[in-house]
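Reader: Got the model open. Can you walk me through it, contacts first?
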Amino acid sequence: MPNIMLSRIEISEDTVFANGFFAPYERIKLISFFGEVANRPIYAARFYVGENHVSSAALTKEDFLTLYHAVKPEVRDDLNVLGIGMKNAPSKDQLQGAGTNNFTQV
C-alpha cells in the first residue's frame with residue numbers, strides 16, 4: 001500500500017499516525033453512521049492488529065471516500081455514502097419494474 005496522507009491521519013504500509021500517536025496495524029475498517037449524541041454524520045477509520053482495535057481516527061466525508069477508493073478496506077457504511085448498500089430487488093409477490101420501489105439491504 002502506498003503512503004496515504006489525509007487531512008487528519010497518515011497511513012503507511014504497517015503504521016498509522018492518528019491522534020498524535022503512531023500505531024501498528026494489519027487491517028482497516030471504515031465506519032459511517034449517524035451520531036445521536038453529536039447529532040451529525042460520523043465518518044471514522046478503525047485500525048486493527050488481529051481482532052484487537054489499536055487506533056481510530058475521525059475522518060471527513062472526502063477522506064472516507066478517498067481511503068475507500070485507495071485501499072478498498074472492510075466497510076460498515078450505515079449512511080450508504082458509497083452507494084453500495086442497497087440494491088433493487090422484487091418482493092415475492094411482485095415483478096421487478098412493476099412501478100414500485102422495492103429495496104433490500106445487501
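Reader: Which residues does Phe47 touch, not counting residues up to four places away in sequence?
Author: Phe47 touches Ile9, Ile11, Val16, Tyr25, Arg27, Ile28, Asn52, His53, Val54, Ser55 and Ser56. Contact means heavy atoms within 4.5 Å.

Reader: What are the ground rules here?
Author: This is a predicted model: local features need pLDDT of at least 70, side-chain atom pairs count only at pLDDT 80 or more, and totals for chains, interfaces and linings use all residues. Residues are numbered from 1 along each chain as its sequence is written, and side-chain values use heavy atoms, with hydrogens and water left out.

Reader: Back to the contacts. Ser55 is on that list. Is Ser55 buried or exposed?
Author: Ser55 is buried, at a relative accessible area of 11%. Buried means under 20% relative accessible area, exposed means over 50%, and partly exposed is in between (1.4 Å probe, protein chains only). Ser55 is found in strand β7, residues 52–58. Helices (H or I, at least four residues) and strands (E, at least two) are DSSP runs, numbered from the N terminus.

Reader: What does Ser55 touch?
Author: Leaving out residues up to four places away in sequence, Ser55 touches Val16, Ala18, Ala23, Ala45, Arg46 and Phe47.

Reader: Which residues have the most contacts inside the largest nonpolar core?
Author: Ile9, Ile11, Phe47, Leu59 and Leu67. That core has 20 residues. A nonpolar core is a set of buried Ala, Val, Leu, Ile, Met, Phe, Trp, Tyr and Cys residues joined through side-chain atoms within 4.5 Å.

Reader: Which elements give two or more residues to this core?
Author: β3 (15–18), β5 (27–35), β6 (40–49) and α1. As a general point, nonpolar side chains in soluble globular proteins tend to be buried together.

Reader: New topic, strands. How do β6 and β7 pair?
Author: In the antiparallel sense, over six bridges. Two strands pair if DSSP finds at least two bridges between them. Val49 stands opposite Asn52 in β7, and Tyr48 stands opposite His53.

Reader: What's in the turn of that hairpin?
Author: β6 and β7 have two residues between them. Gly50 in the turn has a positive phi of about 65°.

Reader: What sheet holds β7 and β6?
Author: An open sheet of four strands, in the order β7-β6-β5-β8. The pairing is mixed. The edge strands are β7 and β8 (74–77), and each pairs on one side only. From one strand to the next, the twist averages 20°.

Reader: Where does α1 sit?
Author: α1 packs on the sheet, touching β5, β6 and β8. The direction of α1 makes about 150° with that of β5. Axes are lines fitted to C-alpha atoms, for helices over the stretch in contact, and angles run from 0 to 180 degrees between N-to-C directions.

Reader: And the sheet with β1, what's the order there?
Author: β1-β2-β3-β4, an open sheet with antiparallel pairing. β1 (4–5) and β4 (21–24) stand at the edges with a single partner strand each, so one side of each has no neighbour in the sheet. Strand β2 (residues 10–11) runs antiparallel to β3, joined by two bridges. Glu10 has Phe17 in β3 as its bridge partner.

Reader: Back to the helix. Is His69 buried or exposed?
Author: Exposed, with a relative accessible area of 54%. His69 lies in α1, residues 61–71. The C-alpha atoms of His69 and Leu82 are separated by 9.8 Å. Those two are 13 residues apart along the chain.

Reader: Last one, the overall tally. How many helices and strands?
Author: One helix and ten strands. From the N terminus on, they run β-β-β-β-β-β-β-α-β-β-β. Buried residues make up 33% of the 106 residues.
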